[in-house]
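Biologist: I would like to know what the labels on this structure rest on. Please take each label back to its cut-off.

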Amino acid sequence: MAKVYATDNKYDSDVIKVFLTDDKYDADLWFCKMGDKYDAGDKDELWYFTDDKYDASAIIYWVDNKYDADVVVYKVSDKYDAKWNKGNQYIGRF
């Protein structure tokens with residue numbers, strides 16, 4: 001599962017800069033926010049947000065500009081719709 005920690009510091013080590021888009025087909029990754037970390041399984045596409053940076057499998061920083069992002073994401077409401085939409089160097093890093 002992707003246990004995601006959102007940091008306020010884009011210079012944290014191993015941070016992945018993420019842009020949330022409104023255009024589904026513009027996104028690299030369609031993710032689904034999970035309420036329980038055990039529902040997420042072991043997929044990049046299912047995110048559980050944690051408050052513990054050291055428990056996270058990925059540290060992200062939300063950027064305001066798509067062109068500053070390492071990964072462009074789109075939030076889906078159904079976990080069965082969550083998937084990588086395009087190839088990206090961060091596949092498997094969440």
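Modeller: Start with exposure: buried means under 20% relative accessible area, exposed means over 50%, and partly exposed lies in between, with a 1.4 Å probe and protein chains only. This is a predicted model, in which local features need pLDDT of at least 70 and side-chain atom pairs count only at pLDDT 80 or more, while totals for chains, interfaces and linings use all residues. Residues are numbered from 1 along each chain as its sequence is written, and side-chain values use heavy atoms, with hydrogens and water left out.

Biologist: Why is lysine 53 called partly exposed?

Modeller: Lysine 53 has a relative accessible area of 26%. That value falls between 20% and 50%, so the label is partly exposed.

Biologist: What makes the contact of lysine 53 and aspartate 12 a salt bridge?

Modeller: A salt bridge is a side-chain nitrogen of Lys or Arg within 4 Å of a carboxyl oxygen of Asp or Glu. For lysine 53 and aspartate 12 the N to O distance is 3.4 Å, so the pair meets the rule. The pair links distant parts of the chain, 41 residues apart: lysine 53 is in the loop between strand 4 and strand 5, and aspartate 12 is in the loop between strand 1 and strand 2. Strands (E, at least two residues) and helices (H or I, at least four) are DSSP runs, numbered from the N terminus.

Biologist: Is aspartate 12 buried or exposed?

Modeller: Aspartate 12 is buried, because its relative accessible area is 15%, under the 20% limit.

Biologist: How many salt bridges does the rule give?

Modeller: The count comes to 3. One of them joins aspartate 55 and lysine 3 at 3.1 Å, N to O. Aspartate 55 lies in the loop between strand 4 and strand 5 and lysine 3 in strand 1, so this pair ties together parts 52 residues apart in sequence. Lysine 3 is buried at 18%, whereas aspartate 55 counts as partly exposed at 28%. Aspartate 26 and lysine 66 also meet in a salt bridge, at 2.9 Å.

Biologist: What makes strand 3 and strand 6 a pair?

Modeller: Two strands pair if DSSP finds at least two bridges between them. Strand 3 (residues 29-33) and strand 6 (residues 71-75) have 3 bridges, in the parallel sense, so they pass. Phenylalanine 31 has lysine 75 as its bridge partner in strand 6. Strand 3 also pairs with strand 7 (residues 83-84), in the antiparallel sense over 2 bridges, and there leucine 29 has tryptophan 84 as its partner.

Biologist: How do you know that strand 3 is mostly covered?

Modeller: Of its 5 residues, 4 are buried.

Biologist: What makes a set of residues a nonpolar core?

Modeller: The members are buried Ala, Val, Leu, Ile, Met, Phe, Trp, Tyr and Cys residues joined through side-chain atoms within 4.5 Å. The largest one here has 14 residues, and those touching the most other members include Ile16, Leu29 and Val71. Apart from it lies another core, of 10 residues, among them Ala27 and Cys32.

Biologist: Why is asparagine 88 called buried?

Modeller: Asparagine 88 has a relative accessible area of 17%, so it falls under the 20% cut-off. Its place is in the segment after strand 7.

Biologist: What makes the link between asparagine 88 and aspartate 28 a polar contact?

Modeller: A polar contact is a pair of N or O atoms within 3.5 Å; within protein, one must be able to donate a hydrogen and the other to accept it, and residues adjacent in sequence count only if both atoms are side-chain atoms. The side chains of asparagine 88 and aspartate 28 are joined at 3.3 Å, so the distance is within the limit.
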